[in-house]
Amino acid sequence: MEHICGKDGRPHNSTARNKQNALCNGRSIWDVVKSSEDFKKIQQQPANPVPKAIQFSYIQERKPRFVVLLENSDNLSEKRFAIPFALRRFYYDLPPGSKLALYTYNSEVTEALSYKELSAEVRSDLGAFVDFGSPAKSICTSCGLAKATQILLQNSEVERGSILLITASPLDKVPELSEKLKESGICLHVLRFTDKENPDDQTYDALASSFHCFSQESLHMSLDVVSIFNSLSRFLKNPVPELNDDFEFKTVASGNMSAQIPVTIPRYATAEFYTLWLGRVFGSGSIECKAGDADVELKPDTTATDIVSFTFDPVDDDVTCRLGSAKQPPVLTQVQMTTEKGQYFDFDIWIHDVSTDKEQLPILIYAKIYFREYPVKEANVTVVVTSGNRQDSVKMLDNGRGDPDVTQHDGIYSGYFTNFLEKGDYQITVNVNDNEGQAKIGKDSKSLVPDACCGSKILSKDYNVPDFWMDKLTVYTSKNKRPEDGYPPSRILDLEARIYRERVLLKWTAPEGGKAVRYVIKLFENKDDAVTKFDTTGRELNASIIIPRDTGEVVGFLINFTDLNENVTYYVAIRSRNEFNKWSEISNVAEFVPKQEEEIVDKPSSTPSSTTVGGSTTDGGIIKSDPTKNSSKTIAIVLGVLGGIAVVCILVYLGYYFFVKKPRRN
């Protein structure tokens with residue numbers, strides 16, 4: 001470390017709006033370090049302690065090892081085209097140096113590909129390794145697992161590995177597994193095909209404790225062949241490291257191609273070439289590919305049992321491919337794009353989940369978007385969550401406004417998902433694009449780098465990025481529904497106070513998690529009270545007039561100087577609640593001193609103008625207390641009553657005149 005903020009002449013700015021102050025309530029890094037029990041113990045150690053051995057753990061294997069186990073029974077006969085094609089694609093996509101074995105099983109285990117290292121050269125033909133013709137009786141999944149663990153335990157001291165199990169049957173019994181599996185870093189990943197005759201169950205959960213890591217997901221047999229192929233391809237690809245030599249290759253299209261149903265390949269500005277993979281052997285003359293009216297030349301690449309590939313160069317338009325003859329049945333098709341050197345995107349997604357077996361909590365979805373080593377900012381990032389026939393959308397942001405995103409323009413986008421209406425699988429698809437050309441990459445500039453004690457915004461110069469559209473899919477399994485009373489709003493971490501025309505402007509972002517329907521705003525003259533005694537001390541402001549905003553919108557509140565003591569340091573904090581009275585944590589603490597001066601501030605620009613009952617708004621939806629509100633209401637009531645009496649008197653007189661007095665005169 002070159003220096004630590006709050007130590008050795010590096011003062012900490014406790015009022016700066018940054019990640020350190022938001023998460024640590026204004027304490028400096030050095031204050032936090034000094035309060036750590038680990039640090040205190042280190043200070044008490046002898047001058048020359050005996051160093052402990054450093055233990056390392058693998059994050060990702062550069063040369064991964066896999067054993068694929070495939071159930072070979074008529075349980076899977078309906079998917080006899082999708083499953084072998086996905087496995088062949090997995091075989092050809094594994095990086096050089098990987099080791100792979102492929103076994104099929106029913107009552108016995110059969111070797112389809114012996115365990116070996118894969119080279120960068122032409123790979124051997126897998127042949128017809130499965131027929132799905134055996135009756136689904138006496139399926140011995142435990143036999144296949146015993147064989148797979150035996151293979152991977154060879155040389156396990158230097159290499160880890162994964163078992164990829166594809167099955168439609170429950171686990172017949174828990175096999176006797178070596179205790180070395182965990183310490184050897186061997187993982188088990190299960191993909192379970194389900195239908196009415198083979199419903200999902202928890203039999204494979206009994207294996208979790210025997211492996212270093214374990215995952216299980218289900219796939220319903222009723223899905224169409226393209227969905228089965230795509231889901232299986234993703235399952236196989238998940239544990240494979242994404243290693244390249246300054247380029248990227250990725251899937252850009254897939255479908256069940258025929259003469260009537262084409263596959264369309266979108267144009268990518270970074271593409272060097274495309275590869276068209278087919279699940280049956282064809283000659284290039286049997287396929288028609290066009291860009292507009294122009295023919296696209298296909299170059300033969302790979303030919304093996306039940307798989308063939310062709311490459312073609314990029315053109316300035318989308319490419320559409322179809323079979324040349326209507327007599328040919330549809331064929332599963334996948335298209336890969338390989339980028340030019342140095343022209344690739346680093347796109348990844350992950351989920352942060354702290355749910356338990358008894359309680360389903362909100363999950364945080366993250367997406368990292370880089371172009372080469374540079375973060376992409378102002379991208380359009382949306383999550384689509386699918387469960388059964390229901391779809392929900394979540395907007396992901398990189399705005400540094402608080403929970404969940406606390407660092408702006410670092411290329412890490414985040415958002416909450418809370419709508420767990422039922423337990424089960426939720427398909428999560430993250431879609432990203434260049435936001436109609438507004439996305440940029442940020443490159444560091446020494447002239448823009450602030451003092452190192454600053455905080456939660458990456459300052460950089462903007463450069464253009466090639467147009468892009470990408471998506472990634474994962475599956476999350478919820479073990480419970482969300483609570484009936486919902487979730488509390490997340491903690492507000494971007495509360496700030498500014499002086500604005502003899503008033504104090506408070507601004508924050510409407511929190512995620514559960515929707516905030518009410519806020520409690522309190523003023524303190526002691527910062528510790530704001531942090532530790534929020535509920536029992538402090539001066540509560542009239543926040544009931546604030547109109548609830550949607551997540552991500554800016555909320556504002558004005559305090560008049562007439563309600564404050566001049567030149568007194570005030571500390572302000574907020575809590576919010578949902579409609580069921582579930583309260584958030586206390587926000588970060590903002591600080592201000594009311595002085596008779598005007599400071600130019602930016603009003604919330606992302607919130608539209610609006611009107612409200614019981615208060616007034618300024619541009620941007622900033623709600624202010626109206627001191628004349630009660631007296632105005634009183635005057636209005638009095639005038640209304642007097643006016644009503646006058647109207648009644650007039651009506652009575654008119655009635656008397658027309659129905660009594662005038663008839664008498666006549």
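1. A crossing of two helices is called left-handed if the near helix is turned anticlockwise from the far one by less than a right angle, and right-handed if clockwise. By this convention, α4 crosses α7 in a right-handed manner. Helices (H or I, at least four residues) and strands (E, at least two) are DSSP runs, numbered from the N terminus.

2. The model is a predicted one, in which local features need pLDDT of at least 70 and side-chain atom pairs count only at pLDDT 80 or more, while totals for chains, interfaces and linings use all residues. Residues are numbered from 1 along each chain as its sequence is written, and side-chain values use heavy atoms, with hydrogens and water left out.

3. The chain contains nine helices and 34 strands. Of its 666 residues, 44% are buried (under 20% relative accessible area; exposed is over 50%, partly exposed in between; 1.4 Å probe, protein chains only). Among contacts (heavy atoms within 4.5 Å) between residues at least 6 apart in sequence, 74% join residues at least 24 apart.

4. Helices α4 (residues 82–93) and α7 (residues 225–237) pack at about 35 degrees, and their axes are 9 Å apart. Axes are lines fitted to C-alpha atoms, for helices over the stretch in contact, and angles run from 0 to 180 degrees between N-to-C directions. From α4, the residues that meet α7 include Phe 85, Arg 89 and Phe 90; their partners in α7 include Phe 229, Ser 233 and Leu 236. The residues of this contact comprise eleven nonpolar, one polar and one charged (nonpolar: Ala, Val, Leu, Ile, Met, Phe, Trp, Tyr, Cys and Pro; charged: Asp, Glu, Lys and Arg; polar: the others, Gly among them).

5. Leaving out residues up to four places away in sequence, Phe 90 touches Phe 66, Val 68, Leu 100, Leu 164, Leu 236 and Val 240.

6. Arg 234 belongs to helix α7 and is buried, with a relative accessible area of 11%. Beyond its neighbours within four places in sequence, Arg 234 contacts Glu 217, Leu 473, Thr 474 and Val 475.
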